Amino acid sequence: MNSKTNIQKQFYKIYKGLISISEFEEWLYRAQDIEIVYGEDFYFDLLDLDYRKKHIKNDLDRLLEPKIPFDEFEQKRIIALLENIIYEKEDIVENLEQLYDDYCSGYSFLRYLGLSYITGIDGIPKLKHEGEWDENEFKSKREILSNVKSKIIKEAVRLLHFFQNGLIQIVEENEYRDYRKEEEKIELTRIEKMFNE
């Protein structure tokens with residue numbers, strides 16, 4: 001990856017809350033390429049921010065937002081979440097929670113996965129909280145997933161196929177172009193049938 005891409009990736013991570021303010025600040029002092037890529041004024045604007053200020057995230061987001069290629073990073077992030085579900089790489093509950101948030105933020109093609117989460121999966125404990133639960137209760141609650149997992153994976157595969165074929169393209173944060181045929185947009189027209197299949 002070139003220097004500009006690495007910088008944009010860090011900007012995207014802090015913007016999306018994937019890293020902490022302190023992690024970003026620490027990186028910033030080591031990332032002198034920012035000055036080369038974006039100029040001295042921009043770099044000094046970043047350095048001049050008070051990273052201990054209560055509302056620093058707002059100031060930082062305002063500065064960084066114009067520099068982030070959301071289309072590329074958002075699309076990679078959504079595809080990674082779908083692949084995590086398909087290949088069971090990470091906790092399906094956490095992936096569905098994120099996809100639900102993305103659905104609520106404007107990615108309506110995620111409707112089925114979002115509604116799957118909010119209609120029962122949101123009450124299932126996450127794997128990372130296993131030690132906080134009674135073992136039997138944890139297992140019984142997680143067992144609910146086995147009844148719906150195949151439908152969720154099937155939908156993730158369907159959506160991934162559309163991304164791979166360029167039929168869904170993220171163009172901005174929470175905005176996308178949809179080149180699918182109307183009958184392929186079943187998450188918008190046949191949601192009841194999807195739940196009952």
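Where is the place of E173? E173 is found in the loop between β1 (168-172) and β2 (175-178), where strands (E, at least two residues) and helices (H or I, at least four) are DSSP runs numbered from the N terminus. This is a predicted model, in which local features need pLDDT of at least 70 and side-chain atom pairs count only at pLDDT 80 or more, while totals for chains, interfaces and linings use all residues. Residues are numbered from 1 along each chain as its sequence is written, and side-chain values use heavy atoms, with hydrogens and water left out.

E173 counts as buried, because its relative accessibility is 19% and buried means under 20% relative accessible area, exposed over 50% and partly exposed in between (1.4 Å probe, protein chains only). Leaving aside neighbours within four places in sequence, E173 is in contact (heavy atoms within 4.5 Å) with Y15, K16, F70, E74 and Y107.

In that loop between β1 and β2 lies N174 as well, a residue other than glycine whose phi is positive, near 65°. N174 is partly exposed, with a relative accessible area of 25%. Most residues other than glycine have a negative phi. E88, in the loop between α6 (70-86) and α7 (92-104), also has a positive phi, of about 50°, although it is not a glycine.

I124 lies in the loop between α8 (111-118) and α9 (135-164) and is buried, at 4% relative accessible area. Beyond its neighbours within four places in sequence, I124 is in contact with V93, K141, R142, I144 and L145.
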